Amino acid sequence: MYTLGLNAYHGDSSACIYHFNELIVATEEERIRRIKHWAGLPTEAVKFCLDEAGITLADIDVIAISRDPRAKLLAKAWYALRKGVKWSSILDRAKNSLNVGAFKADLAQAFGYAESDLKARIVYAEHHRSHMASAYFVAPFEESAILSIDGMGDFSSTMRGRSRNGKIEIIDSVSYPHSLGIFYTAFTQLLGFPHYGDEYKVMGLAPYGQPTELDKVAEVIILKPNGLFELNPRFFRHFKEGVNMDWQGGSPHVDVLYTPAMAELFGAPRGKDEPMSDYHRNLATSVQRMAEKVIFHLAEGLYQKTGLKNLCLAGGVAQNSVANGKLIANTSFEKLFVPPAGHDAGTSIGAALYALHQVGDQPRAPFRHQAYTGIRFSNEEVEAYLQSRGIEYQRYSDDELFAVVVDALMQGGVIGWFQGRAEFGPRALGNRSIIVDPSRLDAKDLLNSKIKRRESFRPFAPSILKEAVADYFEQTDDVPFMEKVFLIRPEKRAEIPAVTHVDGTGRLQTVDAQDNPRYHRLIKEFGEKSGVPILLNTSFNENEPIVNTPEHALECFLRTQMDMLVIENIVIRRKNE
């Protein structure tokens with residue numbers, strides 16, 4: 001039995017295929033189309049997944065989509081009537097729902113089939129149920145509380161539940177227009193970051209300020225005694241007007257979310273070229289602290305309702321790795337699991353898992369870390385491509401390769417490292433990464449001048465051998481997906497300045513020899529020579545989606561000042577100008 005999971009007609013569109021309960025492949029449409037957060041019907045991702053599985057669309061038994069146009073219909077109608085939302089906004093949302101409802105016909109047409117040719121049964125998995133399934137059904141827990149928090153999907157912004165007899169049981173939810181994701185996005189826009197998905201910039205900026213505006217920010221979002229929250233309608237346009245989201249050309253765009261009242265309380269929005277002031281930094285700190293407070297409030301309220309010690313967390317807000325790193329210390333939970341794609345792309349996985357385990361009776365697969373699910377290339381394929389481009393290269397054995405790369409790192413090289421299957425999720429985890437010696441004081445400047453050209457306040461992450469975590473971090477945990485930020489031990493911060501943020505933290509990735517043997521070996525051999533079992537790891541891209549193919553990697557190498565490109569066992573060096 002084959003199950004095709006889809007996140008469609010939504011930002012971060014993606015697809016995956018399961019054979020019974022075994023994940024075969026998963027990828028995001030943006031990796032192929034090269035447009036960040038691509039939204040719409042993920043036809044290229046579906047085609048890749050089918051090719052990888054060796055099947056056709058006609059062979060699929062179940063198509064699961066992470067949307068349900070029937071969800072909360074009464075709440076939607078009541079909201080529209082009570083708030084006097086503009087008919088144009090209602091019609092836009094209705095049109096989007098119709099697209100979702102007709103997606104089987106759209107998919108059949110895109111692949112040259114008649115709808116009647118497809119035997120697949122359709123399963124609609126509500127957006128937040130898909131988020132919850134993407135975490136719980138792959139977690140290392142039999143019993144768990146489950147929390148999903150994001151902007152909005154199927155008229156919910158937050159959903160809380162628990163596992164019971166291997167199924168997900170919903171406890172309560174927060175309905176649109178109240179949303180922690182919208183709260184964070186509105187302030188992200190006010191701080192001068194207008195693009196879809198820019199919230200991580202506020203999280204990176206927050207450690208540079210003080211929470212001087214926290215009392216004012218507390219007027220914007222209200223914690224409720226039942227463990228939930230509400231937004232203050234005075235500060236958000238979508239309560240009355242509705243806010244359009246479109247994806248012309250595939251790139252999502254969200255209209256301004258804040259009202260003049262928010263600009264009056266917090267000051268005029270920062271302009272595109274306006275310098276970052278202390279006030280902006282303090283506001284970012286205050287917004288991040290308030291977001292953390294709401295997340296802990298939601299989680300602790302869920303603990304009080306379930307009494308369970310384990311928590312599975314998903315949704316766009318679950319990408320807030322700073323909050324994730326503090327959650328156990330600030331709630332009664334003892335263990336936290338966040339999947340590699342907690343954001344909306346992960347709902348394709350969640351929809352498939354919901355169909356398999358919640359609607360169906362497939363047993364859960366044994367727990368293992370799954371993040372490397374995308375495209376891969378052999379050395380021979382890489383060589384054939386480079387030869388077609390007339391690129392000079394050298395191919396090494398494994399032993400030779402690791403020695404060459406470690407030496408280049410020790411000499412201050414900025415290296416593109418491309419191996420194995422591409423990661424599924426927003427973070428490079430050692431298969432599509434740019435790597436640097438973390439002990440270099442100038443590493444951040446080198447990266448930003450040679451490749452990234454990004455804001456100076458944004459940190460770079462440490463990939464650390466799992467067995468060395470306790471030596472460098474104040475908390476020890478399994479963090480394979482770079483999903484938590486922990487404090488670096490004070491005595492170690494000067495040793496790894498390139499991955500130590502201004503507040504003494506690092507967004508670590510623990511690297512296990514079983515999960516990623518080649519990346520583990522590289523870090524281990526670098527550690528044996530340098531004394532530091534850590535590499536600076538940032539995504540292999542330059543203001544674009546993470547590279548997916550050798551062509552993407554080579555083009556990024558050629559247009560930047562990267563020193564070395566490694567694709568499998570093949571090394572390309574930059575010629576001296």
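Predicted model: local features only at pLDDT ≥ 70, side-chain atom pairs only at ≥ 80, totals over all residues.

Entry 1. I started with arginine 162, which sits in strand β7.

Entry 2. Is arginine 162 buried or exposed? I looked it up, and arginine 162 is buried. Still, arginine 162 has no salt bridge. The nearest side chain of opposite charge belongs to glutamate 143, and that one is 4.1 Å away.

Entry 3. Next I listed what arginine 162 touches, skipping residues up to four places away in sequence. Among them are Glu143, Ser144, Ala145 and Ile146. I also found Lys167, Ile168, Glu169 and Ile171 there, along with Thr306 and Leu308.

Entry 4. Then I zoomed out to the sheet. Which strands form it, and in what order? I read off β8-β7-β6-β13-β14, five strands in an open sheet with mixed pairing. The edges are β8 (167–175) and β14 (335–337); each has a single partner strand, so one side of each has no neighbour in the sheet. On average, neighbouring strands are turned by 20 degrees against each other, direction ignored.

Entry 5. I checked one pair up close. β13 (residues 310–314) and β14 run parallel, joined by three bridges. Leucine 311 stands opposite leucine 336 in β14.

Entry 6. Last, the helices. I saw helix α6 (residues 127–136) lying across β6, β7, β8, β13 and β14, at about 140 degrees to β6. Helix α11 (residues 278–306) lies across β6, β7, β8 and β13, and also runs at about 140 degrees to β6.

Conventions. Residues numbered from 1 in each chain as written. Heavy atoms only, no water. Pairing = 2+ DSSP bridges. Helix = DSSP H or I, 4+ residues; strand = E, 2+ residues; numbered from the N terminus. Axes fitted to C-alpha atoms, helices over the stretch in contact; angles between N-to-C directions. Contact = heavy atoms within 4.5 Å. Buried < 20%, exposed > 50% of the residue type's maximum accessible area, 1.4 Å probe, protein only. Lys, Arg positive; Asp, Glu negative; His and termini not counted. Salt bridge = Lys/Arg side-chain N within 4 Å of Asp/Glu carboxyl O.
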